[in-house]
Every structure is written in structure tokens, then in C-alpha cells.
Amino acid sequence: MAPKPVVRTTGQGERRWFYGGGLHTWKVTTEESDGAFFLFEDELTQGKMTPWHCHPDSDEAIYVLEGEVDVNIDGDEQRLTTGGLWLAPRGVPHAFTVLSATARLLSFQAPGAAQSFYWDASEPATNGDAGPVDFDRVRTVAGATGATTVLGPPPFATR
């Protein structure tokens, strides 16, 4: 199957509430890219923090559209603001936390192997409302899909 042309305007794309916190707008699905990649926008609020984790089978690049975040990649902690970007190659441990009141990130994962994790660890967003945060479900889905390996708690000092 060949990749399909995709054009989406601001706000277009399937909107899903991620149980780790965050409202995802799916911009290009794995099916649309013929498995090459998966791309979504992530709307987050202050205090959102990921566990220390890695993606064994995909590289993850994240571009900061708006806001301020701290990212830790393999022990190197950096503060990024609008226009910043990080790349966590497959298998490299990383985590991030949102410092600003809100943040918008663009997440690019190649290949698109991790889409099943994000699908199973989310639910359709209704009216853009935030849903529940359920890290037990995220951990269970991570183990079941193999797309994400949770390595431990976030590596950031208590904020």
C-alpha cells in the first residue's frame, strides 16, 4: 500500500485524550504514511510529566510549538521553549515535563510502530475536554504493545 496524500488544517485530525495527560490531535496516521511515521499535536498543561521511558522500535522527534518544557535524554537535561526540538533515538531513555501554563508539542515518530500504544492508551476526546489520567493503564498498554518501555519515575526534581 502506498502512502496517501494528507492535508489537514488547524484543528483537523482525530482528537484523543491520552491517559498519560494531554489532548492529541492526530495529523498523520501510520496507515496514511504506509507505516513510515506517525505525527500528532499534543496540548498539555503545566505539571504534565512523563515517566522515564524509551521506544525500542521508533525514533521520536518533538518540536515545541508553544510553551516551555524540560527534557531529559539519557541523563542530559535541557530547557526548551517555542521553536526548540529534541530527538530521542529508538531505545534511548527520555522524559519531559511542562513548565509553562500550557504547551503545544508536535510529536513525530518513525517508523509509525508506536501508534498502537497511543491508540490503546487514549480515548476519543469529547468537546475537547480533558479526560482522566490513568498511569496504570498507560503502563499496562506499554507492556502489551511493546511500543514503549517504562523504565521508572520521571528523572526531574520535585517542582
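Trainee: How many aromatic pairs does the count come to, and what makes two rings a pair?

Mentor: The count is 10 aromatic pairs. Rings of Phe, Tyr and Trp (for Trp, the six-membered ring) pair if their centres lie within 6.5 Å; planes under 30 degrees apart are stacked, over 60 edge-to-face, and the rest tilted.

Trainee: Why is the pair of Trp-26 and Phe-38 called edge-to-face?

Mentor: Their ring centres are 4.8 Å apart and their planes stand at 75°. That angle is over 60 degrees, so the pair is edge-to-face.

Mentor: Before we go on, a word on the model. It is predicted, with local features needing pLDDT of at least 70 and side-chain atom pairs counting only at pLDDT 80 or more, while totals for chains, interfaces and linings use all residues. Residues are numbered from 1 along each chain as its sequence is written, and side-chain values use heavy atoms, with hydrogens and water left out.

Trainee: Which parts of the chain does the pair of Trp-26 and Phe-38 link?

Mentor: Trp-26 is in strand 2 (residues 23-28) and Phe-38 in strand 3 (residues 38-45), so these distant parts, 12 residues apart, are joined by the pair. Helices (H or I, at least four residues) and strands (E, at least two) are DSSP runs, numbered from the N terminus.

Trainee: What makes the pair of Trp-86 and Phe-96 tilted?

Mentor: The centres are 5.5 Å apart and the planes 50°. Trp-86 lies in strand 8 (residues 85-88) and Phe-96 in strand 9 (residues 94-98), so the pair ties together parts 10 residues apart in sequence.

Trainee: How do you know whether Trp-86 is buried or exposed?

Mentor: Compare its relative accessible area with the cut-offs: buried means under 20%, exposed over 50%, and partly exposed in between (1.4 Å probe, protein chains only). Trp-86 has 3%, so it is buried. Phe-96 has 6%, so it is buried as well.

Trainee: Which residues form the aromatic cluster?

Mentor: One cluster is made of Phe-18, Trp-26, Phe-38, Phe-40, Phe-117, Tyr-118 and Trp-119.

Trainee: What makes us say that the charged end of Arg-16 sits over the ring of Trp-119?

Mentor: A charge sits over a ring if NZ of Lys or CZ of Arg is within 6 Å of the ring centre and within 35 degrees of the ring normal. The charged end of Arg-16 is 3.6 Å from the centre of the Trp-119 ring. Arg-16 also lies over the face of Trp-26, at 5.9 Å from the ring centre. Both distances are within 6 Å.

Trainee: Why is Asp-34 called partly exposed?

Mentor: Asp-34 has a relative accessible area of 40%, which is between 20% and 50%, so it is partly exposed. Asp-34 is in the loop between strand 2 and strand 3, and has a positive phi of about 55° although it is not a glycine.

Trainee: What about Asp-74: buried or exposed?

Mentor: Asp-74 has 55%, which is over 50%, so it is exposed. Asp-74 lies in the loop between strand 6 (68-73) and strand 7 (76-81).

Trainee: How do you know that the buried residues of helix 2 line one face?

Mentor: They are Val-138, Val-141 and Ala-142 in helix 2 (residues 135-145). Seen down the helix axis, they fall within an arc of 105°, so they line one face; the arc is that of the directions from the helix axis to the C-beta atoms. An α-helix has 3.6 residues a turn, so residues three or four places apart point the same way.

Trainee: Which exposed residues are on the face turned away?

Mentor: Asp-136, Thr-140, Gly-143 and Ala-144 are found there.
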